[in-house]
Amino acid sequence: MKEVLKSEQNASAVKHLELAPEAERPYLDSDELILNMGPQHPSTHGVLRVILKLDGEKVMGTECVIGYLHRGVEKIAEHRTYAMFNPYVDRMDYVAAVSNGLGYCESVEKLLNIEAPPRAQYIRVILTELNRMASHMLWLGTHALDIGAITPLFYTFRDREEILKIFEKYCGARLTTHAFRIGGCLYETYDGFEDEVRKFAKFVAPKLDEYETLLTTNRIWVERTKGVGILSGDDCKALGVTGPVLRASGVKWDLRKAQPYSSYQDFDFEIPVGTNGDTYDRYLVRIAEMRQSLRIIGQAVDKLPEGPVMAKVPKVLKPPVGEVYHSIEAPKGELGYFIVSDGSTQPYRVRVRPPSFVNLQALDKMVRGALVADVVAVIGTLDIVLGEVDR
Amino acid sequence: MPQWLQSTVDYVTKPNSMTPGWYADPIAGMIWALVYILIIFGGVSLVVMAMNWLERKALAHIQVRLGPMRVGPHGLLQPIADAIKLFIKEDIIPDGADKVVFWLAPVAVVMTAFTVYIVVPFGPQHAVTDMNIGLLFMLGVGSLSVLGIIMAGWASNSHYPLMGSLRSSAQMVSYEIAMGMAVVSAVLMTSFAGGGIYGTGGASATGGTLSMIGIVQAQAQQGTWFVFKFFPLGLLAFFIFAVAMVAETNRAPFDLPEAESELVAGFHTEYSGLRWSLFMLGEYAAMVAVSSIAVTLWLGGWMRPFQSLHGPNVEIPHYWSGGAIDLAAALVPAAIFFLLAFFTFIGVVRMPKHPIFRVQTAGLAAFGLALGAIGLVLLAPPVRDRVQDIFWFVLKVAVFMYLYIWYRGTFPRYRFDQLMHLGWKFMIPMGIAVLILTGALGVMAQ
Amino acid sequence: MTVNKFLRTIFLVDLLQGLALTFRYQAPKEIYTEQYPLQRPNVAERYRGAPRLNVNPDTNETLCIACDLCALACPEHLIVVTSERNEKTRRKELTTFTYDLSRCMFCGLCEDACPTDALELTQDFELAAYTREGAIWDRQTLEQGPQPTVYKK
């Protein structure tokens, strides 16, 4: 089996996956197997390579090799103006493009010290929460597919279609939305926006119940996900893991409540928190988050204020010299933008703190001692998008 | 001539205990057996193709999509297209593979899967042969397919298939034990003399049998399908067998060895083209075979539901006795074909009116007419009477096939250790308990 | 375990609920597939699809004033606008307009930047070309739109 380690690159990547000392080896003294869940794999959500050190069926250690989707987004940022860079951020976490756009626009607005008008903020909230639902739906479908339930994928994608139709009607694209501009939203809502959003909310609430019927109480699902990939709250905080993974481990931390942005303080919603920090809890937390998103959307559509949708922003953006770090609660965790400006029209440095990249660090801790089938479940439950991990 | 040669010739040419009772003369018997074998071979292959289509369509509808629609109307010719594609694919053999074993593995799987059909009873006289150990033969030969799977994984010279084949064989062997427990309790029920659901007349000296036809006849004699005998016990045994047979054939929710998201495709990863299609053929044939065991043992084989409600004449087959209920039941096959023809014509009406679809619409209409014609043929009394047994048996097996597809579309899959835990720590103890209780209840004299 | 939970476990209630749900979904009215070439999707009005250079419908003159704002706004720098100065009207007139669709992100910044509504991203999404050069559109293709071959079958 060692022929997997043919190239030097492989060898150097696994050199610190040392063999356990004699005393700790299982008495059968079976050879420890290095298994390569290679970049092309049906269930590593993108091009992620995970090198597993197995002892029979148990995982002794993992090593993630990333970079297969690196496109140099942060370098591109240094050669584009602030407004020009906006379409590029959608392509990082391509599943939740609206959140990426929101984070970037808010960071630049913080740098410029302007605030989007209230109507624009409400529209941003509506679209971001819709995007949160879309991202969680995609996560649910693919996670269930990895665990073997092949139908929830189609149900969640069908419901996600409705969200994407709303996006298409609003900003013109379904996936890489480029919905917001620096200073607000470019587009006014289209005729019938509120009605469609309300209709969607009514349509999707029973669908969430259907997903739960198929999965939440299903004994096979519970057995596959309970107790798998346990991550304690302290480990989460030590590794910097955020988002639903953190909340499922018992830590009640959500940036929408802790550091409210974009008028989230006006809305009444709860933060679902789990207890055990296993895969089942993460599943429950994300389903609950979807329901809370529906609540926020309902309130925002009812209370949508009148007014302009774009603040007074100069045509040529030249922020003052300085740096800013602003983070939002993306569907996958804390998405942060660190922008350094040197006074010119192009940023000096844009550093993106992707939630998936930081969450992926927890993979090793979560799968030690688990079986190979669990590795797939844990990668799924971390909800990583390689576009974000590699940028 | 020498004695051994004489006895061999005698065995072949003179009637003996192995000759099926209803063949008048051994040579004719062998020729008829050959004819039946060819019919079954063609029939099973046809069933496998139909299963392929049904699986894709039913799974697609469960997943709110359409499935194949292009090749033939509503994808009806898709299995033919798939078969042609697989035949003309390049035959790739991995570099370090053991060529003989690599070639032999799919052959072993398909052979064992098809051999079990010689004892499957489609009717009291409709089987290739009626061995008095028919059930044991089916279970035994069916177990040989594990050998084929291990050979496939070993000969592929790659660690994914090896792991997959070892897991698959471990799973199949463990669930065979549970299957065996359930089967033994059903066989035990054949030896009871009491009739009715809770009849405990004690064991009869001549009742018990392993012959497949004999088991169904025992159910007829006791007046109840074994799934209802001693009410929860028969059902429990049936349930154990139903779960174990899904695990035995490596289907969801027990299909981890074939799961795409983990081991790419398990033991048949390195097989392509015709060889892979042989594995699929073997898998579907095994599904139909274990379903027919389940139908024979618990669901009354070829008996129609409510067989005890019959006309004045009590001899078997009831439909010849002419009672009203029997006549109504005898018309069910024709009714089902008319129903299918009706759905086909609804499909014809809903076809898009674009000129591209003219050929497809015509083809679908022709298919509907063919189904209707078969229904009409089935109305004629001579055909109607002869086809009853086969029809009910095939209908019950078809329900099982649909259940397989339904499970696949609904359930996540078990992890391997959970699967083994279920098999060893839950199914087998339950099977033993059911067996003991069945035996205890059965020998209690009234 | 409470009695209720025990009964639900042995009678497989959770599994049966899942089976009932998937059974219900097999009704033909639940099918969500659109059979593409015959059923075309309803594309929204604001959809950012193929670019088009609009012309004045009355005079058939291009609305583009060759201000080059779209080329400056494009993040990928894929628009090339050339113009020449018309001595009589002392304005710039558009000569060539090249748009490289193979690198376009369809972000819409060029459409936002255009002051005269000349450049517009339409609802056309069927943009395949056989060659790389076929994806670079000149002024004529931009004004007329792509003319795909309509197949009979």
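How many residues of chain A are in contact with how many residues of chain B? In this predicted model, 23 residues of chain A are in contact with 22 residues of chain B, where contact denotes C-beta atoms, placed from the backbone, that lie within 7 Å. Local features need pLDDT of at least 70, side-chain atom pairs count only at pLDDT 80 or more, and totals for chains, interfaces and linings use all residues of the predicted model. Residues are numbered from 1 along each chain as its sequence is written, while chains are lettered from A and ligands numbered from 1 in the order in which they are written.

- The side of chain A that touches chain B draws at least two residues from each of helix H5 (118-147), helix H6 (152-171), helix H8 (219-225) and helix H15 (372-381) of chain A. Helices (H or I, at least four residues) and strands (E, at least two) are DSSP runs, numbered from the N terminus.
- By class, this side of chain A holds 15 nonpolar, four polar and four charged residues. Ala, Val, Leu, Ile, Met, Phe, Trp, Tyr, Cys and Pro count as nonpolar, Asp, Glu, Lys and Arg as charged, and the others, Gly among them, as polar.
- Chain C also touches chain A, with 18 residues of chain C in contact with 20 residues of chain A.
- On the side of chain C that touches chain A, the elements that give two or more residues are helix H2 (13-24) and helix H4 (109-113) of chain C. H2(C) provides the largest share, six residues.
- That side of chain C comprises ten nonpolar, four polar and four charged residues.

**Domains of chain A**

- Chain A is divided into domain 1 (2-65) and domain 2 (79-385), with bounds that come from an automatic or database domain assignment.
- The C-alpha centres of domain 1 and domain 2 of chain A lie 33 Å apart, and the contact takes 13 residues from domain 1 and 17 residues from domain 2.
- Strand E2 (49-55) and strand E3 (58-65) of chain A are the elements that give two or more residues to the side of domain 1 that touches domain 2. The largest share of that side, five residues, comes from E3(A).
- The residues on this side of domain 1 of chain A divide into five nonpolar, six polar and two charged.

**Helix H3 of chain A**

- Helix H3 (residues 82-90) of chain A is largely enclosed by the rest of the structure, because nine of its nine residues are buried. A residue is buried if 20 or more other C-beta atoms lie within 10 Å of its own, exposed if 12 or fewer, and partly exposed in between, with C-beta atoms placed from the backbone.
- The buried residues of H3(A) include Tyr82(A), Met84(A), Phe85(A), Asn86(A) and Asp90(A).
- These buried residues of H3(A) pack against helix H2 (73-77), helix H4 (97-112) and strand E4 (180-181) of chain A, together with H4 of chain C.

**Chain B: composition and confidence**

- Chain B has 16 helices and zero strands, and buried residues make up 44% of its 446 residues.
- Of the contacts in chain B with a separation of 6 or more, 73% are between residues 24 or more positions apart.
- The mean pLDDT of chain B is 82, and 87% of its residues reach 70 or more; pLDDT is the predictor's confidence in each residue, from 0 to 100.
- Among the elements of chain B, helix H10 (residues 260-263) has the lowest mean pLDDT (51) and helix H14 (residues 358-379) the highest (91).

**Helix packing in chain B**

- Helix H5 (residues 134-143) and helix H7 (residues 159-190) of chain B pack at an angle of about 175 degrees, with their axes 12 Å apart. Axes are lines fitted to C-alpha atoms, for helices over the stretch in contact, and angles run from 0 to 180 degrees between N-to-C directions.
- H5(B) and H7(B) are therefore roughly antiparallel to each other, a label for angles over 145 degrees.
- Leu135(B), Leu139(B) and Ser143(B) in H5(B) meet Glu176(B), Gly180(B), Val183(B) and Val187(B) in H7(B). By class, the contact has four nonpolar, two polar and one charged residues.

**Individual residues**

- His178(A), in the loop between H6 and E4 of chain A, has a positive phi near 50 degrees. His178(A) counts as buried, with 24 C-beta neighbours inside 10 Å.
- His77(C), in the loop between helix H3 (69-73) and strand E2 (79-86) of chain C, has a positive phi near 50 degrees. His77(C) counts as partly exposed, with 13 C-beta neighbours inside 10 Å.

Terms used
Contact = placed C-beta atoms within 7 Å. Parallel < 35°, antiparallel > 145°, perpendicular 65-115°, else oblique.
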